[in-house]
Amino acid sequence: MADKKDGVAIKDNVKIVLTGPDGKVKHSSVHNTVTTAGKQGAADQILAAPSLSKPTHMAIGTGTPAATLLGTELDRNALTSKLRSGAVVTMVADWAAGDGTGAITEAGLFDIATANTANMWASASFSVVNKAAADTLQITWTLTFA
């Protein structure tokens, strides 16, 4: 009988919900990429004294993500919530009306508040999501360890 090798993978998904002032949803869901920093950060959390920071912020931008940062970061917000259920971690960030307004084409999951100095755990690139001043935006990032 052949050996069956088990492996661990991080599967990720991003749900982007843009809502108009009338409450109607204008956009949703894209797929994304877990970065090298994200894989290393997840593995590091198993250690007794992790040396890498956990995700605390999400950012949106108007460019295309590079391997370590967004192409043109527009705004960064602290996570609204972070929960684990089994092998699934769900993180949510919200942008209120007037916050992060623009033609959004990228998003990222980061470990600190400061733009261009944080480790980007995951990124997503997508067709333009036009966030008007009166719109709200919620991004839900799900990491599944399988």
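Me: Which residues touch the most other members of the largest nonpolar core?
Reply: In soluble globular proteins, nonpolar side chains tend to be buried together. In this predicted model, the largest nonpolar core has 25 residues, and Met58, Leu109, Phe126, Leu137, Ile139 and Trp141 touch the most other members.

Me: Which elements give two or more residues to this core?
Reply: They are β1, β4 (57-61), β7 (88-95), β8 (102-110), β9 and β10 (136-145). The most comes from β9, with five residues. A second, separate core has five residues, among them Ala59, Leu70, Phe110 and Met120.

Me: What does phenylalanine 126 touch?
Reply: Setting aside residues up to four places away in sequence, phenylalanine 126 touches Ile16, Val30, Ile104, Thr105, Glu106 and Ala107.

Me: What is the strand order in the open sheet of five strands?
Reply: Strands of a sheet pair through backbone hydrogen bonds, either parallel or antiparallel. Here the order is β3-β9-β8-β4-β5, and the pairing is antiparallel. Because β3 (33-34) and β5 (73-78) each have a single partner strand, they stand at the edges, and one side of each lacks a neighbour in the sheet.

Me: How many bridges join β3 to β9?
Reply: Two bridges join these antiparallel strands, with β9 covering residues 120-131. Valine 34 has alanine 122 in β9 as its bridge partner. Helix α1 (residues 36-44) lies across β3 and β9, at about 135 degrees to β9.

Me: Is threonine 19 buried or exposed?
Reply: Threonine 19, in strand β1 (residues 10-19), has 17% relative accessibility, so threonine 19 counts as buried; the cut-off is under 20%. Beyond its neighbours within four places in sequence, threonine 19 contacts Lys24, Val25, Asp135 and Thr136.

How values were computed: Residues numbered from 1 in each chain as written. Predicted model: local features only at pLDDT ≥ 70, side-chain atom pairs only at ≥ 80, totals over all residues. Heavy atoms only, no water. Pairing = 2+ DSSP bridges. Helix = DSSP H or I, 4+ residues; strand = E, 2+ residues; numbered from the N terminus. Contact = heavy atoms within 4.5 Å. Axes fitted to C-alpha atoms, helices over the stretch in contact; angles between N-to-C directions. Buried < 20%, exposed > 50% of the residue type's maximum accessible area, 1.4 Å probe, protein only. Core = buried A, V, L, I, M, F, W, Y, C linked by side-chain atoms within 4.5 Å.
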